[in-house]
Amino acid sequence: EYAMVPADSAVSAHLAIPEGDLVLRVVRLIGADGKPAIYCEDYIPAALIKKKDYTEQDLQKPIFSFLKKFCALEAHMDLTEVRPAVSDAALSEIFQVPLGTPLLYLDELNYDKEGMPMLYSPQYYIGGVIPHTLLRMKF
C-alpha cells in the first residue's frame with residue numbers, strides 16, 4: 001500500500017523536513033517460507049519525486065529502483081540503528097503472533113552522496129526467519 005501523507009514528528013526529524021510536509025509512504029510486508037517475515041515502511045519526501053507518473057507496480061519493486069527512476073537519486077550510505085522490540089497489537093496482527101513477541105527493529109536512514117537524507121525506513125523483523133550477521137573490521 002502507498003499514499004502521500006503528512007510527515008509526523010519522527011519522520012520529519014529523520015528526513016530533516018518540516019513536520020507536515022508531504023512524504024510518500026510505502027508499506028511492505030515481505031514473506032519467507034509463506035509466513036510474514038519483514039514489515040517495512042518507506043518514507044520519501046514528496047519534494048524529491050521528480051516524475052509523478054509512477055504506478056503501484058513501480059512501488060512493488062525495490063524502493064531503490066523507485067528512487068533512481070522517479071527521483072534521480074541513488075543511496076550512497078545508510079545509518080541504521082538496530083535494537084530489540086516487541087510486537088504491539090498492530091504488529092501482532094501483521095505477523096500473526098502473540099502480543100509481546102520479540103522482534104528485531106531496524107531504524108534505517110539512507111543518504112545521497114551529498115549527505116542529504118532521502119529515505120527513512122523503519123523495519124520490523126520476526127525472529128528465526130532471516131539471519132542477521134555483523135562483520136566488524138579493526139583498522
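A residue is called buried under 20% relative accessible area, exposed over 50% and partly exposed in between (1.4 Å probe, protein chains only). The model is predicted; local features need pLDDT of at least 70 and side-chain atom pairs pLDDT 80 or more, whereas totals for chains, interfaces and linings use all residues. Residues are numbered from 1 along each chain as its sequence is written, and side-chain values use heavy atoms, without hydrogens and water.

**Exercise 1.** Classify the ring pair of tyrosine 43 and tyrosine 120, and state whether these residues are buried or exposed.

*Solution.* Rings of Phe, Tyr and Trp (its six-membered ring) pair if their centres lie within 6.5 Å; planes under 30 degrees apart are stacked, over 60 edge-to-face, and the rest tilted. The search of the whole structure finds six aromatic pairs. In one of them, the centres of tyrosine 43 and tyrosine 120 are 6.0 Å apart and the planes lie at 25 degrees, so the pair is stacked. Tyrosine 43 belongs to strand 3 (residues 35-45) and tyrosine 120 to strand 6 (residues 117-126), 77 residues apart; strands are DSSP runs of E, at least two residues, and helices runs of H or I, at least four, numbered from the N terminus.

**Exercise 2.** Classify the ring pair of phenylalanine 66 and phenylalanine 70, and determine their burial.

*Solution.* The ring centres of phenylalanine 66 and phenylalanine 70 are 5.0 Å apart with planes at 25 degrees, so this pair is stacked. Both residues lie in helix 3 (residues 63-71), four residues apart, which means a separation of about one helical turn. Phenylalanine 66 has 1% relative accessibility and therefore counts as buried; phenylalanine 70, at 3%, also counts as buried. Together with Tyr2 and Tyr54, Phe66 and Phe70 form one aromatic cluster.
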